[in-house]
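Thanks for coming. Please look at it first.

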Amino acid sequence: ETFVNKAQTRLFNSSSSRMTIMPAWVIDRYGSNDVLRFTKNAGFPIINYPNEVIVKVHAAGLNPIDVSMRGGYGAASMAMKRDPLKLMQSGSEFPLILGRDVSGVIMECGLDVPPVYFKEGDEVWAAIPPWKQGSLAEFVVLSANEVSKKPKCLSHVEAAAIPYVAATAWSALVNTGGLKMDNCGKKRILILGGTGGVGTFSIQMLKAWGAHVTVTCSQNAERLMRGLGADHVVNYTAGPVEVPLSALEKFDLVLDNVGGSTESWALDLLKPWCGAKYITLVTPFLQNTDRLGLADGMLQTGVTLATKALKHLSKGVHYRWGMFAPNGPALDDISEIVDAGKINAVVEEVFSFSQVPQAMLKVENGHARGKTVVKVT
Ligand code: NDP
């Protein structure tokens, strides 16, 4: 604590702490798009821990979670992460800044951040955990271990299209799915929902690692999917998609970006008794904690997950949930794959900083073909 205080005292003399306000898009309550408010007077981020860095935001990527959080999704769990001792009054998260992806430039480093990792002026990218203030602002403060050097071959707008979906895909495919560069060669992977942020990134990463990739998408997206490297494309709008899928050779892993009724048939597409996994990103975890409170919500979640996992284990396949996790070191690895030319940013539409409400609406309307990005500076 003394060290942190010392760090703060030293920082008091630095440039950023003399700035106290910045432009940002904030929300002051949960609701529909009209709760978004532009202000020139948002609080300037402060380095509270010596391992933190302040990043000047050049571009901010949007994700479906921004729309959900605008409406209050996950509020109970996020409040617990921000304030575990419940010292603050309810509503203390406001004014809340959305935006989970950032590409920008390091403006200031805490005292514990070794200059070999980051120094002022470095171009960086990061996926911002949902319990922290986001990137729809001129500056954002992050832990150094959430940040990574941005790929050199990408512009800031392109770079802001990748971190959150990449960290999610990494958590699901690598940490939960056990995939890595040197074990994908003979694997057959099915991605349910290939056209959104997670899908367009995952296809490219899996192809870079040599997997055979099948995707489902709308009819009008086949060219996009093939262009990103998909080996086999199945149109889900032509009738029950499980019918053509079940005629194919079985899979080693299914990544589900769609959810809903997919769970009732997707596990039957896996090779039984050889470690094959179904991993869904559409989980009831945050809804449960919002609805039931933290303790009961987590209990309910645990029971649901365990019941499903056990049920499928008896059929020789694994049922798992995939979750976003902030991961600077994973972004370092991804940065290398991007700079090797094996992963491109798939940017569908770019909005200016004054058009944040339009950008949010674009994400809210769905049917993504890659990512929506806001150019901040
Ligand atoms: P996007 O909104 O970017 O993409 C969703 C895509 O799915 C769209 O392109 C949509 O296009 C397509 N789609 C919709 N319905 C179907 C269908 N039945 N079959 C195939 N494709 C379909 O979302 P993301 O890629 O960012 O995220 C994917 C999912 O994962 C979301 O539900 C998101 O909430 C969740 N997620 C969960 C995380 C976690 O921590 N658990 C983290 C990140 C994401 P079209 O409608 O035109 O077909």
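Which residues in H11 meet which residues in H12? This is a predicted model, so everything I say is computed from it. On the H11 side we have Phe 285, Asn 288, Thr 289 and Leu 292. They meet Leu 294, Asp 296, Gly 297, Met 298, Gln 300 and Thr 301 in H12. Sorted by class, that contact has 4 nonpolar, 5 polar and 1 charged residues. As for geometry, H11 covers residues 285-292 and H12 covers residues 294-313, and their axes come within 7 Å and cross at roughly 140°. The crossing is right-handed.

Next, the cores. The largest nonpolar core has 50 residues, and Leu 98, Val 102, Leu 136 and Val 374 touch the most other members. Strand S3, residues 52-62, contributes the most to this core, with 6 residues. A separate core has 47 residues, including Trp 170 and Leu 253. Going back to Leu 98, its contacts beyond four places in sequence include Trp 25, Ile 27, Leu 36 and Met 360.

Last, Thr 280, which is in strand S12, residues 277-280. Is Thr 280 buried or exposed? It counts as buried, because its relative accessibility is 0%. Beyond four places in sequence, Thr 280 touches Asp 256, Glu 263, Tyr 319, Arg 320, Trp 321 and Gly 322. A polar atom of the Thr 280 side chain lies 3.1 Å from the backbone nitrogen of Val 282.

Methods: Residues are numbered from 1 along each chain as its sequence is written. This is a predicted model: local features need pLDDT of at least 70, side-chain atom pairs count only at pLDDT 80 or more; totals for chains, interfaces and linings use all residues. Side-chain values use heavy atoms; hydrogens and water are left out. Axes are lines fitted to C-alpha atoms, for helices over the stretch in contact, and angles run from 0 to 180 degrees between N-to-C directions. Helices (H or I, at least four residues) and strands (E, at least two) are DSSP runs, numbered from the N terminus. A crossing is left-handed if the near helix is turned anticlockwise from the far one by less than a right angle, and right-handed if clockwise. Contact means heavy atoms within 4.5 Å. Ala, Val, Leu, Ile, Met, Phe, Trp, Tyr, Cys and Pro count as nonpolar, Asp, Glu, Lys and Arg as charged, and the others, Gly among them, as polar. A nonpolar core is a set of buried Ala, Val, Leu, Ile, Met, Phe, Trp, Tyr and Cys residues joined through side-chain atoms within 4.5 Å. Buried means under 20% relative accessible area, exposed over 50%, partly exposed in between (1.4 Å probe, protein chains only). A polar contact is a pair of N or O atoms within 3.5 Å; within protein, one must be able to donate a hydrogen and the other to accept it, and residues adjacent in sequence count only if both atoms are side-chain atoms.
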